[in-house]
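The sequence and the model are shown first, and a description follows.

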Amino acid sequence: MAVDGARPPLEQYEKLLSGGMAGACAKTITAPLDRIKLLYQVDPSKTFSAKDALRRTSKIVRETGVLSLWRGNGLAMIHVIPYGALVYMTFDNYHTFLVDNAQLAPMPARFLAGSAAGASATMVAYPLDLLRARIMAHVGRGDKYEPGIFGALADISRREGLGSLWRGLNPTLVGIVPYAGISFCLFETSKVWVKDALGLTRDAEIPTVVRLSTGALAGLIAQSVTYPLHVVRRRMQVIEQPLPLAVASAAPAAHGAGGAHASAAPAFSVRNGAAAHGDVSAAARGAAESAVTSVSYTHLRAHETDSY
């Protein structure tokens, strides 16, 4: 039975719009943290510390202006809007299928649906994520590639081969499957627990601070578990060497016979342990982005009744 003030579930296009808008809000707010995090990810010689992060931030602001902390954010919107739209829409569809057809229990269904949604959206939007990483890692003045999104992608393809647009896809998928699964599972499950504890009927009734907290915790846990693979992905993305399409995801041409393992080696070294798994900037960015995205998306779907 419908709850007063509620309406039927969103249409597919409404889910696309809601997911895209939520992702855009979160990415814009956390862009400076994302920029600093990426600089540590792609530079194996640097170990994170709060003092060094502040020094790097000050240097960027001093040399290229405060708005440069949002460098690549316009492109990030081009990436994160379709990514967020697809991941939230496909999560709903995958979850419905798993519950109605596979008859899975709620928590496994949330995890598998989140994992599948993250993988699907990643494969579609990956070239834009790679281009964003290249632009954000560029610290000098002037443009690195031809102007325009399509011009830049064509420039990379011309210089390095079409396969380079998917460089590092394998470690990305290995990372996004548990990340999206854990994040969706924890957040959606926590909403059910909170509503039961507070006697609520709709997600929109959950206090904003609670939604922020649960979203941040879900993002923090998911980010902590999968962060080393994000380091591998970023280091592979910013390598500029010719790469055939057939080996794009493993990238042996760029990393030798070890492929992704060669990229992982410096990420897991003793000297760079903080860069691989203790980067406070990454943890803060992951928690903040997850919190803002979760709250934004829930708010945009405020008139619906049910959690998953």
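## Overall architecture

Read along the sequence, the protein follows the pattern α-α-α-α-α-α-α-α-α-α-α. The model described here is predicted. The protein contains eleven helices and zero strands. Of its 308 residues, 50% count as buried.

## Helix α6

Helix α6 covers residues 169-198. At 1.5 Å a residue, its 30 residues should span 44 Å, and the C-alpha atoms at its ends lie 42 Å apart, which agrees. Just after α6, Gly 199 adopts a positive phi of about 70°.

Are Lys 191 and Glu 188 buried or exposed? Both Lys 191 and Glu 188 are buried.

A pair of aromatic rings is described by the distance of the centres and the angle of the planes. The structure holds two aromatic pairs, and these values are set out below.

| Pair | Arrangement | Centre to centre | Angle between planes |
|---|---|---|---|
| Tyr 88 and Phe 184 | edge-to-face | 5.4 Å | 70° |
| Phe 91 and Phe 184 | stacked | 4.2 Å | 10° |

Tyr 88 lies in helix α3 (residues 73-100) and Phe 184 in helix α6, so this pair ties together parts that are 96 residues apart in sequence. Phe 91 likewise lies in helix α3, and its pairing with Phe 184 in helix α6 therefore ties together parts that are 93 residues apart in sequence. Through these ring pairs, Tyr 88, Phe 91 and Phe 184 are linked into a cluster.

How do the members of the cluster stand in terms of burial? Tyr 88 counts as buried because its relative accessibility is 12%. Phe 184 is buried as well, with a relative accessible area of 10%. Phe 91 is buried with a relative accessible area of 2%.

## Salt bridges

Side chains of opposite charge can pair when their charged atoms come close. The count for this protein comes to six salt bridges. One of them joins Asp 155 to Arg 158, with the closest N and O atoms 3.2 Å apart. Both residues belong to helix α5 (residues 149-160), where they are three residues apart, about one turn of the helix. Asp 155 counts as buried because its relative accessibility is 4%, whereas Arg 158 is exposed, with a relative accessible area of 57%.

Another salt bridge connects Arg 167 with Glu 160, the closest N and O atoms being 3.3 Å apart. In this case Arg 167 is buried, and so is Glu 160.

Which residues make the nonpolar surface patch of about 390 Å²? The patch is made by Leu 186, Leu 217, Leu 220, Ile 221 and Val 225. Helix α7 (residues 208-237) gives the most to it, with four residues. Leu 220 is found in helix α7. Its relative accessibility is 34%, so Leu 220 counts as partly exposed.

Note on methods
Residues numbered from 1 in each chain as written. Predicted model: local features only at pLDDT ≥ 70, side-chain atom pairs only at ≥ 80, totals over all residues. Heavy atoms only, no water. Patch = residues over 30% accessible without salt bridge, like charges linked within 9 Å, V, L, I, M, F, W, Y side chains within 5 Å. Areas by Shrake-Rupley, 256 points an atom, 1.4 Å probe, with all protein chains shown as cover. Salt bridge = Lys/Arg side-chain N within 4 Å of Asp/Glu carboxyl O. Helix = DSSP H or I, 4+ residues; strand = E, 2+ residues; numbered from the N terminus. Buried < 20%, exposed > 50% of the residue type's maximum accessible area, 1.4 Å probe, protein only. Expected span 1.5 Å × (residues − 1). Phe/Tyr/Trp six-rings, centres within 6.5 Å; stacked < 30°, edge-to-face > 60°.
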